[in-house]
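Work through the exercises below with the sequence and the structure open. Each task is followed by a solution in steps.

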There are 2 protein chains.
Amino acid sequence: MSGFVLQTPLIPYQAPELPGGNQLWLKAENFQRTGSFKIRGAYNAIAGLSKEDRERGVITYSSGNHGQAVACAAGSLGVRAVVVMPEDAIPRKVEATRRWGAEVVFAGHTSLDRQNRAMELVQRHGYAVVPPFDDRRIIAGQGTVGLEILEQHPNIDAVIVQVGGGGLISGVATAIKAIRPHVAVIGVEPEGGADARESLENGRLVTWDSIETVADGLRTSRIGELNFATIRELVDEIVTVTDDEILRAVGILALEGSLVAEPSGAVAPAAVLFGHTGLAGKRVVAVVSGGNIDPARLRDCLDLSRNQPSVAGSDV
Amino acid sequence: MSGFVLQTPLIPYQAPELPGGNQLWLKAENFQRTGSFKIRGAYNAIAGLSKEDRERGVITYSSGNHGQAVACAAGSLGVRAVVVMPEDAIPRKVEATRRWGAEVVFAGHTSLDRQNRAMELVQRHGYAVVPPFDDRRIIAGQGTVGLEILEQHPNIDAVIVQVGGGGLISGVATAIKAIRPHVAVIGVEPEGGADARESLENGRLVTWDSIETVADGLRTSRIGELNFATIRELVDEIVTVTDDEILRAVGILALEGSLVAEPSGAVAPAAVLFGHTGLAGKRVVAVVSGGNIDPARLRDCLDLSRNQPSVAGSDV
């Protein structure tokens, strides 16, 4: 994957004091190609297709980071890509997807509309589907985040990872526990979408009918089956953060950490910044999974952090 | 210097098209300890003091990034530091300076008030002055930015550096031209403070009585003598950017680059983003010299970039 997927930096977080006296490093996937970790799995999945599958092309039905990642990875490999998006998709996202050379097909308004349209197209054209998380190739690709973390800082105590469909955390946990089994892997979900935590606690996959969170990249109503099997086996714990904490974390990361995270990307750091990991005196890595944030949203997050103490400020 | 001064990442800028078809990498000193490159020179200067000088302590009269860098570097080396700040200094900056263990002395409102007070204290206590740029130890320290760039990307064509007092660019030019003489080193100044460009064009040091720019870290009315000698010998050209371009660049870097730069830090990238370098089809590194920005200022910069096309956007 090297040469196309970028090795993103592991950035020491400089702010003075964190709850529990932990030290924090940020694995900055906001600097990854397409602005999120999703390119790792998408590239791995598409690069591994047979010659015949590649010639027919690939399809996905995500309008977000995974959709852009599939478009970009396919484009770089000379594979035709179709991305099914809602009819009311934000023009900026449509443009970004087309910019990578993908064909955009519009279908209805719901996720089901998009999946149905994608399946019709698969039937007709024989496209290979690139699923967002419940897939071994995707999980292996996302796992390279964990490999890089260990390479960049072999002596960490814990890795904190956000959980949506479970692709990132199952890959990272597989990599970390294979190489350094004593490093803790802790998942973080928004309170309004804590289906993975409930699944882990109940020992069976739980679906949440309604997900309410500002972390738009983590609005999956249940994690994948492969992902759940891995999480059950390898993840130490799943904790939650509130929407308020997520938005404050976006502001704190920008002003204290000089780094722009999207709400989903700030979920894992938020757990460390607001002391929900249960760790004390540890060397902790939190994954910033992406940086694709709406400008108005980022502004609002800066306002939230405005009255907090800050080291920001400059002049001669 | 390693172990204390951080090797900051060289981050590929992902946005699609740049003027002249150049490719851009950002040397991200906003992730440096204290949030700017200034720690490099300050640490180098203080670490090189004699045992006697260290025991007496150091002093500086900058209320900005250099002041914080001196406070932090001295603190880490167990050296007493005094930072002279204006009576109306922003409480946040005073706090940040004290947090590093420095003593803050208040003196008047002007830069001259502060220098006079510092000189009194030097007379009385024998403190060693750590000057902001016109000093070989400071220049050598800032030059490590150039060494790291060449180590991180040996095949670049040009390095773009902001010019205030000239400490950073004279260090970077010395490092770059010693190792890769064919790599261009281009300085960038705000239009409202283009004394270095005028000095270079006239072949003699020029002072600007009045500096008007939003780039508060570059409000020096003339560059240092040592710095000028180096710039004259080694820097290929100095170009300028407008305040509007600087502020837009802060917004673009945040939204397209996921990275928070202070206005001074965005000056070199702005020259590439707005096509003022005269380069075409080149691999270009621009230094982001710091990230210590006021929250309200950052908000305003996001507003400026709001109506520009952007790849930002996220969801499942």
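**Exercise 1**

In which loop of chain B does B:L18 lie? Then decide whether B:L18 is buried or exposed, and list its contacts away from its own stretch of sequence.

Solution. The model is a predicted one.

Step 1. Locate the residue: the loop that holds B:L18 runs between β1 (10–12) and β2 (23–28) of chain B.

Step 2. Check the accessibility. The relative accessible area of B:L18 is 12%. The cut-off for buried is under 20%, so B:L18 counts as buried.

Step 3. List the contacts. With residues up to four places away in sequence left out, B:L18 touches B:Y13, B:L24, B:V272 and B:L273.

Step 4. Compare sequence and space for one pair. B:G281 is 263 residues from B:L18 in sequence, and their C-alpha atoms are 9.6 Å apart.

**Exercise 2**

Find the buried residues of helix α8 of chain A, and say how they are arranged around the helix axis.

Solution. 

Step 1. Helix α8 of chain A spans residues 195–202, and its buried residues are A:D195, A:A196 and A:S199.

Step 2. Look down the axis of α8(A): the buried residues fall within an arc of 100°, so they line one face of the helix.

Step 3. Identify the cover. The elements of chain A over these buried residues include β8 (184–190), α9 (225–234) and β9 (237–241).

Step 4. Take A:A196 as the example. This residue of α8 of chain A has a relative accessible area of 0% and is buried. Beyond four places in sequence, A:A196 touches A:V163, A:E189, A:I223 and A:I238.

Step 5. Look past the end of the helix. A:G203 follows α8(A) and has a positive phi, near 75°.

**Exercise 3**

What does the side chain of A:S170 reach, and which residues outside its sequence neighbourhood are in contact with A:S170?

Solution. 

Step 1. A:S170 belongs to helix α7 of chain A, residues 167–179.

Step 2. The relative accessibility of A:S170 is 0%, so the residue counts as buried.

Step 3. Follow the side chain: that of A:S170 reaches the backbone oxygen of A:G167 at 3.3 Å.

Step 4. Setting aside neighbours within four places in sequence, A:S170 is in contact with A:I139, A:N227 and A:T230.

**Exercise 4**

Describe the interface of chain A and chain B: its extent, its polar links and the elements of chain A that supply it.

Solution. 

Step 1. Count residues. On chain A, 51 residues are in contact with 51 residues of chain B.

Step 2. State the area. About 4,500 Å² is buried between the two chains, and carbon and sulfur atoms give 55% of this area.

Step 3. Count the polar links. Between chain A and chain B there are two salt bridges. One of them joins A:D303 to B:R299, with the closest N and O atoms 3.2 Å apart. Eight residue pairs are in polar contact across the interface.

Step 4. Assign the side of chain A that touches chain B to elements. At least two residues each come from β1 (10–12), α3 (65–76), α4 (91–99), α10 (243–257) and α12 (295–305) of chain A. The largest share, six residues, is supplied by α12(A).

Step 5. Sort the residues on this side of chain A by type: 21 are nonpolar, 18 polar and 12 charged.

Definitions and conventions
Residues numbered from 1 in each chain as written. Chains lettered and ligands numbered in written order. Predicted model: local features only at pLDDT ≥ 70, side-chain atom pairs only at ≥ 80, totals over all residues. Heavy atoms only, no water. Contact = heavy atoms within 4.5 Å. Buried area = accessible area lost by both parts, 1.4 Å probe. Salt bridge = Lys/Arg side-chain N within 4 Å of Asp/Glu carboxyl O. Polar contact = N/O pair within 3.5 Å; in protein donor to acceptor, adjacent residues only side chain to side chain. Helix = DSSP H or I, 4+ residues; strand = E, 2+ residues; numbered from the N terminus. Nonpolar A, V, L, I, M, F, W, Y, C, P; charged D, E, K, R; others polar. Buried < 20%, exposed > 50% of the residue type's maximum accessible area, 1.4 Å probe, protein only. Arc of directions from axis to C-beta.
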